[in-house]
Amino acid sequence: MDLQFKSHVIDTELPPARYAQTALADLDNDGQLEYICGQQYGTIYWYKMDTPDCWTRHVLGLDSPSDVGGCVLDVDGDGWIDFVAGGAWYRNSRSPEVPFERIVFDPDLDGVHDLFTADIDGDGRLEVVSMSDQNSLRWYKVPDDPAVPWLQHEIGAPVHAGASVGDLNGSGYVDVVRTNVWFENLDGSGTRWAEHPIGPNTPPPDDFQPYFAFDATHSYVCDMNGNGRNDVVFTDAEIPGGAVWWMENLEGTGLVWQRHDIYTWDPETEPRRGAYHSLYVGDLDGDGDYDVFSCEMEGVGGDGPPRWYMWENVDGRGGAWHEHVIFDGNLGGHATVVGDVTRNGKLDLVSKPWAARSENALGGATFVLFLEDVSP
């Protein structure tokens, strides 16, 4: 494998804050992806790439109600991508000089960490799934008039992080993962759910136990070993010394699981790593199977400088893995997004810190980093 990335620091002048709410989307309908990130409960920005080294920053919207979660969706069906953050959505202004209009669909939705879209009820339209440990794991139906309050449906109790979706029992319905359990969409309507265990994640270490460190992962549903049954990939997202692993859905029913470790920390041989608050599962090296990407964050750091990793799926079935360090420049990543930004058929990465640390390579600056895939 000859995977190569060129690093571009595309912004070092973001106002100091905690940043999340990341996405890649074609906001201006020119066929090229733009990068979105936003302050926790603050201003949301988007970036237009002029060249890999030169990006222009614009204000997308103000007064975000979200902690971490943000997602893209054409909410009003006008053919322009809008942005959802917490209990509000931002209508695309169709002009880079004009911030998007902020429209609240649930004023009581606080502290959102996980936010994404899925067709939960099978009607061919995307809904918004939200998880907040200040509220619940739930989904919202977008009404024909999205300026009115959206109807919410409860799925289950929340944890801090780790929600994703996929059909885990072969029913044809979209189920919901929540770190250590999954919720079965019993009749495909998204109104009746049954909870089933998956397996434990890593407990927080004795020296790091804030409330958000418990049961906090990133997860992704895919058929890792190619046997027609959906499995689940996980990273420990909020603790130092965490793991990367996948749970094999042994019988295709979602009731019997086997754990396969991709990476686990060995304190006898290496420094403790920072939290893996990013996850991408997809074909990064072009050989047709699922690889896994994550990186260490700065906000929950390890014992050394943060690094970015790709775990190569060596046997194509998740049984053997090879770790590649794809960036080692003392800049951490948080909620990293992946997509073909340069439109050359290769997957690039864009990220920023949750909260920059003073000893990072930019002297503590808050930054945006673009890793361009320049593999031959």
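This talk goes through the pockets, sheets and aromatic pairs of one predicted model.

Some ground rules before the details. Because the model is predicted, local features need pLDDT of at least 70 and side-chain atom pairs count only at pLDDT 80 or more, while totals for chains, interfaces and linings use all residues. Residues are numbered from 1 along each chain as its sequence is written, and side-chain values use heavy atoms, with hydrogens and water left out.

I will start with the open spaces. The search runs on a 1 Å grid over the protein atoms alone: a cavity is a set of points where a 1.4 Å probe fits but cannot get out, a pocket is an open set with protein on both sides within 12 Å along at least five of seven lines, and lining residues have an atom within 4 Å of a point. Grid points are joined across faces, edges and corners, and a volume is the space filled by probe spheres set on the points.

The largest pocket has a volume of about 1000 Å³. Its lining is made of 35 residues, and those nearest the centre are Thr22, Leu115, Phe116, Leu279 and Val337. Several strands each give two or more residues to that lining, among them S2 (19-25), S10 (114-118), S18 (217-222) and S26 (334-339). Strands here are DSSP runs of E with at least two residues, numbered from the N terminus. By class, 19 of the lining residues are nonpolar, 15 polar and one charged. In that scheme Ala, Val, Leu, Ile, Met, Phe, Trp, Tyr, Cys and Pro count as nonpolar, Asp, Glu, Lys and Arg as charged, and the others, Gly among them, as polar.

The second largest pocket holds about 270 Å³. It has 16 lining residues, with Arg18, His160, Phe212, Glu238 and Trp354 nearest the centre. Seven of the lining residues are nonpolar, six polar and three charged.

The largest cavity has about 40 Å³ of space, and its lining includes Gly274, Glu296, Met297 and Arg357. That lining has two nonpolar, four polar and three charged residues.

Next, the strands. Strands of a sheet pair through backbone hydrogen bonds, either parallel or antiparallel. Here two strands count as paired if DSSP finds at least two bridges between them.

Strand S2 was named in the pocket lining. Seven of its seven residues are buried, where buried means under 20% relative accessible area, exposed over 50%, and partly exposed in between, with a 1.4 Å probe and protein chains only. S2 pairs with strand S3 (residues 34-39) in the antiparallel sense over five bridges, and Ala23 stands opposite Ile36 in S3.

Three bridges join S15 (residues 175-178) to S16 (residues 181-185), and Arg178 stands opposite Val181 in S16.

Last, the aromatic rings. Rings of Phe, Tyr and Trp (its six-membered ring) pair if their centres lie within 6.5 Å; planes under 30 degrees apart are stacked, over 60 edge-to-face, and the rest tilted. The count comes to 14 aromatic pairs.

Phe105 and Trp150 are stacked, at 3.9 Å centre to centre and 10° between the planes. Phe105 is in the loop between S9 (101-104) and S10, and Trp150 in the loop between S12 (137-141) and S13 (151-156), so the pair ties together parts 45 residues apart in sequence. Both Phe105 and Trp150 are buried.

Tyr276 and Trp311 are edge-to-face, at 5.8 Å centre to centre and 80° between the planes. Tyr276 is buried, with a relative accessible area of 0%, and Trp311 is buried at 1%. Ring pairs link Tyr263, Tyr276, Tyr309 and Trp311 into a cluster.

Note on methods. Helix = DSSP H or I, 4+ residues; strand = E, 2+ residues; numbered from the N terminus.
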